[in-house]
Amino acid sequence: MEAKKNKKAQKVEKITKPYMKGDAVDRTTVPGALKFFVGTVVMCVAYLIVCMMLNWDQQWLNITINLLVVLMVYMMFFQFGMNTGADAVNQGEIMLSREQKGRPVAIWERQMCFHPLKGLISALIGSVPLLLISILLAFIAKRQMSGLGTLPGWVSGYEGRQEIGNALAIYHETASMSLEAVLRLIVRMSIMPYVNMVGAANKDGMLLLERLSPLVNLLPAIAYGLGYTGGVSVRTSVHTNIALGKKKAQRKQAKERRARRQPHTPEQLN
């Protein structure tokens, strides 16, 4: 029993390959930031399409489903960051192997290797446009008031009188698209699941959400940055699986060699 446990422990032994360390900022930072920005735009459009169909009458159902949507999106950013981090670690492994063999390694090649803050910095730069819009709205946002409604039909007969017409003129004014309204439209697209969870009818809750929107819009960048740091574990898993595959192949070959060495005795006839 103890031998089986030791054998199993050897199978899951993790194998980490050394890699060259890079810089937090390199020539991939700006392209990576642009890709992340495109990802946030896609996120906003997806929120607009999906979350408009996920607005239910039951509040508990609203919160549950929209929370699942948010977690799924953050997991996607986490996975994208992890893939990018794994590529950077792989780059570091190749560059370290090249350096150990005495071959030259360019400065930019060294900089492109894995650095734990590289993913977060790239994601934060890509989040700047949305963060600036969110911060501006957070400062100028005011509690949304209910509309004036429609005038009863019988009132229209009295609008010709100057003293009544002047008082009712506000009902005929068309609202202009203010800066606050434009910013609110963009920010609410980026946090649509939270808007559904709070409820547009909750004026105080929506005001608080708009003021906290810069922090909410930081979450995708944080998820991406955390995922990037997981690139080391991805490469460790790859090397471990490769080693396990080699051991399995070696055991299979050894078993086949032992089978070939054993003499074949003819079966006795009854």
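Read along the sequence, the protein chain follows the pattern α-α-α-α-α-α-α-α-α-α-α-α, and its secondary structure comes to 12 helices and 0 strands. Helices (H or I, at least four residues) and strands (E, at least two) are DSSP runs numbered from the N terminus. The model is predicted, so that local features require pLDDT of at least 70 and side-chain atom pairs count only at pLDDT 80 or more, whereas totals for chains, interfaces and linings use all residues. Residues are numbered from 1 along each chain as its sequence is written, and side-chain values use heavy atoms, with hydrogens and water left out.

Of the 270 residues in the protein chain, 33% are buried; buried denotes under 20% relative accessible area, exposed over 50% and partly exposed in between (1.4 Å probe, protein chains only). Among contacts in the protein chain with a separation of 6 or more, 80% are accounted for by residues 24 or more positions apart, contact being defined as heavy atoms within 4.5 Å. The structure holds 0 disulfides, a disulfide being a pair of cysteine sulfur atoms within 2.5 Å. C44 is buried, at a relative accessible area of 11%, and C113 is likewise counted as buried, at 0%.

Helix 2 (residues 29-51) and helix 3 (residues 59-100) have axes that come within 12 Å and cross at roughly 160°. Helix 2 is therefore roughly antiparallel to helix 3. Axes are lines fitted to C-alpha atoms, for helices over the stretch in contact, and angles run from 0 to 180 degrees between N-to-C directions; those under 35 degrees count as roughly parallel, over 145 as roughly antiparallel, 65 to 115 as roughly perpendicular and the rest as oblique. The crossing of helix 2 past helix 3 is right-handed, a term applied if the near helix is turned clockwise from the far one by less than a right angle, and left-handed if anticlockwise. On the helix 2 side, F36, G39, T40, M43, Y47 and C51 meet N66, V69, V70, V73, Y74 and F77 of helix 3. This contact comprises 9 nonpolar, 3 polar and no charged residues, where Ala, Val, Leu, Ile, Met, Phe, Trp, Tyr, Cys and Pro count as nonpolar, Asp, Glu, Lys and Arg as charged, and the others, Gly among them, as polar.

The axes of helix 5 (residues 118-140) and helix 7 (residues 179-190) come within 9 Å, with a crossing angle of roughly 125°. Helix 5 is accordingly oblique to helix 7, and the crossing is left-handed. Helix 5 contributes L130, I133, S134, L136, L137 and I140 to the contact, and helix 7 contributes E180, L183, R184, I186, V187 and S190. By class, these residues divide into 8 nonpolar, 2 polar and 2 charged.

In helix 9 (residues 203-211), the buried residues are G205, M206, L207, L209 and E210. They pack against helix 5, helix 7, helix 8 (192-198) and helix 10 (213-216). L209 is also touched by I191, a residue of the loop between helix 7 and helix 8. I191 is buried, with a relative accessible area of 0%. Beyond four places in sequence, its contacts are L209, S213, V216 and N217. The C-alpha atoms of I191 and V70 lie 9.1 Å apart, at a sequence separation of 121 residues.

A223 is located in helix 11 (residues 219-229) and is buried, with a relative accessible area of 11%. Residues up to four places away in sequence aside, A223 touches Y74, F77 and F78. A distance of 7.8 Å separates the C-alpha atoms of A223 and G81, which are 142 residues apart along the chain.
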